[in-house]
Amino acid sequence: MHEHNAELARDAGATSAEAPARPPVQASAGAGERRDEIIDAARTLYEEKGMSRTSIQDITEKVGVARSLFYHYFPNKDAVTSAVLDTYVADFLEAVRYWDAHRTVGEIDEALSGVVRLLRLCLFENDSFHIALASKENAELYIDFVGRVADRVANFMVNNTVRDYNALHEVRIEHVYETFYVLFVGLASYLRRNPQADDEVLKDLIAQTLHMDR
C-alpha cells in the first residue's frame, strides 16, 4: 500500500508518526502477496495514466506476470478497480484513525477543522485516478467509493470518537451510524458541487447536524 495514508493524516493536522508502507513488488510471492502486487500495480498505473488508459496488459507487464495469472485473481478490470478503491478507502480510514488518536479531547473546533481538511483531501487529490473518479463517466464508481468510505468512517466514529465525546458531553442524536453516514455522503456531494465552500460553513454544518456543544 502506498504511504499516502500518512500524508493524508499529516496534511489534515497530525504532527507525528508515519503509516507503514506496503513492501515493493518482489520477484516471487505467495498467492495473497501476488494479488496485492497486482492491485498495487493497477493503483500506480491509474494514478499515472488514469483508468481509461490503463489496460490489463499494462498491469500484468508492470507486475511481470502473464495475463492468465491476472484472471486467476480477478475476472476483469472492474474487479481489480474495485480492489483499488478498497485501498483508497483503507488509506482514508487510517488517516481518520490518525486524526482521532492525535486530536485534543474536548477541543471541538480544532477537531472539526481536521475533519474538514481530511474531507477535502479525500475528494480533491489531483492524481489521474482521482480526476477520472470525479468525471461524469465514472459517476457510479464515485458513488460506490463515497458509500464505502461513509460506511467505514461512520462505524469508526460510532465505536471511537462518539464514545469519547459522550464522556464529556451528551450525545443528542439518535441513529448515530446512519447520521454519520448521511452526513459524510451529503458533505461529499456538496463539496463536489461547491469546492470553494467556506470551511467555517462546513464546520457549522457538521456541528449542527450532530447537535454538538461548541
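**Figure 1. From the N terminus on, the elements of the protein chain run α-α-α-α-α-α-α-α-α-α-α.** The chain has 11 helices and 0 strands, where helices (H or I, at least four residues) and strands (E, at least two) are DSSP runs numbered from the N terminus. This is a predicted model, in which local features need pLDDT of at least 70 and side-chain atom pairs count only at pLDDT 80 or more, whereas totals for chains, interfaces and linings use all residues. Residues are numbered from 1 along each chain as its sequence is written, and side-chain values use heavy atoms, with hydrogens and water left out.

**Figure 2. Helix α10 (residues 176-193) packs with helix α11 (residues 199-210) at an angle of about 160°, their axes lying 11 Å apart.** That makes α10 roughly antiparallel to α11, a term for angles over 145 degrees, taken from 0 to 180 degrees between N-to-C directions of lines fitted to C-alpha atoms over the stretch in contact.

**Figure 3. Side chains where α10 meets α11.** From α10, Thr-179, Phe-180, Leu-183, Leu-187, Tyr-190 and Leu-191 meet Leu-202, Leu-205, Ile-206, Thr-209 and Leu-210 in α11, contact meaning heavy atoms within 4.5 Å. The residues of this contact divide into 9 nonpolar, 2 polar and no charged; Leu, Ile, Phe and Tyr are among those that count as nonpolar.

**Figure 4. Burial and surface of the protein chain.** Of the 214 residues in the protein chain, 44% are buried, that is, under 20% relative accessible area with a 1.4 Å probe. The chain exposes about 11200 Å², of which carbon and sulfur atoms supply 51%, by the Shrake-Rupley method with a 1.4 Å probe.

Terms used. Parallel < 35°, antiparallel > 145°, perpendicular 65-115°, else oblique. Buried < 20%, exposed > 50% of the residue type's maximum accessible area, 1.4 Å probe, protein only.
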